[in-house]
Protein chains: 2
Amino acid sequence: MKSRSTRALLCGRINCMVEIIKTTGERELFEREKFCESLHKAGAPSDVTEEICALLEKEVTPGMSTTQIFRKASKYLMRRNLPAGIRYNVKRGLELLGPAGFLFEQFVETLMRAEGYENTARDQMIRGECVEHEIDVVAEKGGERHIVEVKYHNQSAIKTPVEVVMYADARREDIARAEAKQGKNVKHHLLLVTNTKFSKNALAYARCRAIALIGWQYPRERCLEDIIREHVLYPTTVLPSVDRGAREAFARHDMMLVRDLAPYSVEDVVRKFGIDERRARGIIKEAHVLVYGTQHVD
Amino acid sequence: MKSRSTRALLCGRINCMVEIIKTTGERELFEREKFCESLHKAGAPSDVTEEICALLEKEVTPGMSTTQIFRKASKYLMRRNLPAGIRYNVKRGLELLGPAGFLFEQFVETLMRAEGYENTARDQMIRGECVEHEIDVVAEKGGERHIVEVKYHNQSAIKTPVEVVMYADARREDIARAEAKQGKNVKHHLLLVTNTKFSKNALAYARCRAIALIGWQYPRERCLEDIIREHVLYPTTVLPSVDRGAREAFARHDMMLVRDLAPYSVEDVVRKFGIDERRARGIIKEAHVLVYGTQHVD
């Protein structure tokens, strides 16, 4: 780690003192090292990291947003190192599935189907002993019933707190009491899926009460991003060429997955979604890299 | 209800088109009728309402904040009709017990002691089966243990949702399971106290699970404001002369209740809290009205 003053000397005439704009609207100086580290953390090899850092350093101009910088970087990274590019993008792609979270719910339902859950249904009203509950997703597996609580956060930096897990537990108990009263003995498994990590207490409580959790980097043996990768179920929001306009066009047409988009031709994308040709070409190229492992566009 | 144009004609040269500033910083036109209605809702008789409306109409100047207008109005109302003045003030006074809510917790503990709860303690860590819980207030009554969840909102317009009640229930259950494991059979009563109303589902769930609720206008037979009135346990924030500076001075000296402030002389208030004499006189006068039912200041 070099000191600020050494760095200023080293970077000389290149963009070391460029002010960029964060998503919050705040301004900050573009920090080469911080930026390089984010690429490295996504698993980019040192030579690729250095190459992209050098490229970006030249391209960053004053007033550029961190989102623009992220897009440029992830575009380069996707081309140079697919797995690192994907890791760099998935977290943000999930955050963009908002804003109200209902798209994330739909996404979770899709993941569950891929995982072998059957008869999935969203937003089901289930009567408890005390009140009626709107369950985000209900599903069956191996003849057993699962109720799924989906928690979406547009800031993945937060950790889902224990309150959320306990509230879900209280719901399950309320439903169980209602069914016991009716003489039914249906055990409900409870699953909580979020795009964030979990607080320490949330993990402890869930473990203790047999509540399954799936979230960012959790559980280690098979976390949210593992499931996504395994089934190639990337949301279109992970593609660096998908800007706000494209995102909204895809949402309007219920086009949520890169997998469903990949068979489209560039012309199809232009016609169906009203996206300009240059961007459509970028999108399809990235979709092919992700789904077919190739960069060639027909 | 008169139409806007009729009203504009009626109010003629007086402050009908005066722009005032809401607590959010937004500007709006001062509306005489809306303002009169708020006094009427607090239970001010028609003649008092009309009198204060006429007075305020003359005193409202452009750029005046809704808080300033509220203070002026409540000062007049306290003098003309004590019960209405108190009702007009208590809700806002409780909102001002924030910002972090810990003062409201302290206030709730005081109320509970007045209600005959014993051995009260705040922020107690209690081990559950799964995790440790920080309980806002624990107390005993008739040899039985009570755990109290305190929910403070600085916007009393919201209704405490069912999630809060269910989370508290899950906590009680977790603690109960831990104690059952140890062979103890201590039943914990659960009480939830808030400065807001409750959602319909929150009420249903609490009733069903024997969770006691105390909040704004709830329960009807003995709600938060009834308990406050009965024990004369008004927080100093209900006094219209207590401005931000006085509020902070009182908080620094742990002076939370009008009852504890009332025996002070004006000079004491000036000396101890650094409040200027004119304001101190107003404060003590209002405190006497509230605690001793008299307007005379020694």
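Predicted model: local features only at pLDDT ≥ 70, side-chain atom pairs only at ≥ 80, totals over all residues.
**View 1. The side of chain A that touches chain B.** The elements of chain A that give two or more residues to this side are β4 (132–141), α7 (162–181) and α8 (200–208). Of the elements, α7(A) gives the most, with 7 residues. When the residues of the side of chain A that touches chain B are sorted by type, they divide into 8 nonpolar, 2 polar and 7 charged. The contact as a whole takes 17 residues from chain A and 17 residues from chain B.

**View 2. The rotation that relates the two chains.** Two copies of a chain are related by a rotation about an axis and a shift along it. Here, a rotation of 180° with 0.1 Å of shift along its axis superposes chain A on chain B, with an RMSD of 0.1 Å, and that is the relation of a two-fold axis. Of the residues of chain A, Tyr167(A) comes closest to the rotation axis, its C-alpha being at 2.4 Å. Because 100% of the interface residues of chain A are also interface residues in chain B, the copies meet through the same surface.

**View 3. The pairing of strands β3 and β4 in chain A.** Strand β3 (residues 118–127) of chain A and β4(A) run antiparallel and are joined by 7 bridges. A hairpin leads from β3(A) to β4(A) through 4 residues, and Met125(A) stands opposite Glu134(A), which belongs to β4(A). In a regular strand the side chains alternate between the two faces of the sheet.

**View 4. A salt bridge within chain A.** Glu149(A) forms a salt bridge with Arg171(A), and their closest N and O atoms are 2.9 Å apart. Glu149(A) lies in strand β5 (residues 144–151) of chain A, whereas Arg171(A) lies in helix α7 of chain A, so the pair ties together parts that are 22 residues apart in sequence.

Terms used:
Residues numbered from 1 in each chain as written. Chains lettered and ligands numbered in written order. Heavy atoms only, no water. Contact = heavy atoms within 4.5 Å. Nonpolar A, V, L, I, M, F, W, Y, C, P; charged D, E, K, R; others polar. Least-squares fit on C-alpha atoms with pLDDT ≥ 70 in both. Pairing = 2+ DSSP bridges. Salt bridge = Lys/Arg side-chain N within 4 Å of Asp/Glu carboxyl O.
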